[in-house]
Amino acid sequence: MFNRFAVKKFLICFIILCSFCALSADDKESADVAESNSEPLEKPAGVEEVSAPDILQNSVVTIGGLSGSGTGFIAMIKDKPFVVTNVHVIGGIESPEIHSLNGEDIQYSTMFIAEDRDIAIIPIAKIPEGVTPLKIADSISKFVKIKDPMIVCGNSLGAGVLLASKGYVLGLGPKYVETNCAIYRGNSGSPFLHTNSNEVIGVATLVISVNTKDSITKNTLQKSNSGVKAATRYIGTRLDNVSNWTSVTQQVLYKNISAIKMYRARLILYFNFLNAKEDKDLPANLSASPEFERLSQKFLRDKIKRDGTSSHSRFLNAKNEYIRNLEILFNKERLNLLSIKAPEYLRSEQKMYAELYEELIGSMKSFRD
């Protein structure tokens, strides 16, 4: 549509934007992709799939709804029962239901989310029958050692069946714990059980794919003394040192996360539309942004009507009006995006999207005649 729109910075950001879509939380689409190949891409060294101890399996819960699935577990926090999971699990599913191993529907109303990491704790009225709450470890850096044995148990691939994987601790950080236990989509929110103490030292949160196309990374990964042992890294989030929590309802959390995803979808639409070289390359569906659809369809109608010199000036006027309206639209959406109270794990994404909107607005100004 406007070839000059393909500025280098925006193109780089757009590639990053698409990668966020591919690595988003355990939504239904992502789960379907994972389920098409039931074997992991690689079996982490030292991993053994095992039967979970009764204390672990009975405390783990499934979290799911029409839009996705994940895992959680029941633990005592300050002598009160909570379901512990990730923010991206409980907040990324519309009207999620929580079920214990015996099928009991666990009711909840409000929840607390960590201000500096992807952790949510959900107060519950009572402990489900047959459940022994897990104990959350204090100050894990004082007693957890590298190579300590551990188990991860969760709703692997969103199948509604709790599977366990045995491995060991690979590394510790201020916020994270790394393991070689096999973690699938659907395992987000699973407890990292330290088997020496039978205490939870982390919550399964993300999987990082190492860029083996980079020659330095590839060669280093092959060294026998490499700290990174495989092309896939499995990361859990620590619970022991969370200091600040924010109270929120699931409905508000889901609304905010969905809004961030909406602006992501709109940015992809804008990029594809404005970078189309020919009208035949334009995206057919513009419904992700109703106002953009209205403005663009009007402009395309005006474009078709031009025939000869007399109408060229009218077309230029229509084009400039279209560009001015897009500037107004993009700036309004940028401000609305920045007003969203995004959870911690989405804040860098939110900031990047706001920068993309600024690039859009700057590009629009360069199109004016």
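Here are some questions and answers about the labels used for this model.

Q: What should I know before reading any values here?
A: This is a predicted model, where local features need pLDDT of at least 70 and side-chain atom pairs count only at pLDDT 80 or more, while totals for chains, interfaces and linings use all residues. Residues are numbered from 1 along each chain as its sequence is written, and side-chain values use heavy atoms, with hydrogens and water left out.

Q: How many helices and strands does the protein have?
A: There are 9 helices and 16 strands. Both are DSSP runs numbered from the N terminus: helices are H or I with at least four residues, strands are E with at least two.

Q: What makes E7 and E16 a pair of strands?
A: Two strands pair if DSSP finds at least two bridges between them. Strand E7 (residues 110-114) and E16 share 5 bridges in the antiparallel sense, so they pass the test set for pairing. One of the places to look is Ala114, whose bridge partner in E16 is Trp245.

Q: Which sheet do they belong to, and why are E6 and E16 called its edges?
A: It's an open sheet of 8 strands in the order E6-E5-E2-E3-E4-E8-E7-E16, with antiparallel pairing. Strand E6 (105-106) and strand E16 (245-249) each have a single partner strand, so one side of each has no neighbour in the sheet. Helix H6 (residues 250-274) packs on this sheet and touches E7 and E16, its direction making about 95° with that of E16. That angle lies between N-to-C directions on a scale from 0 to 180 degrees, with axes fitted to C-alpha atoms, for helices over the stretch in contact.

Q: What makes the link between Thr246 and Glu115 a polar contact?
A: The term needs a pair of N or O atoms within 3.5 Å; within protein, one must be able to donate a hydrogen and the other to accept it, and residues adjacent in sequence count only if both atoms are side-chain atoms. The side chains of Thr246 and Glu115 make such a contact at 2.9 Å. Another polar contact joins the side chains of Ser188 and His88, at 3.0 Å.

Q: Which strands pair with E14, and in what sense?
A: Strand E9 (residues 135-136) runs parallel to E14 (residues 199-209), joined by 2 bridges. E13 (residues 191-194) pairs with E14 in the antiparallel sense over 4 bridges, and E15 (residues 232-237) runs antiparallel to E14 with 6 bridges. In the hairpin of E13 and E14, with 4 residues between the strands, Asn198 takes a positive phi near 60°.

Terms used: Contact means heavy atoms within 4.5 Å.
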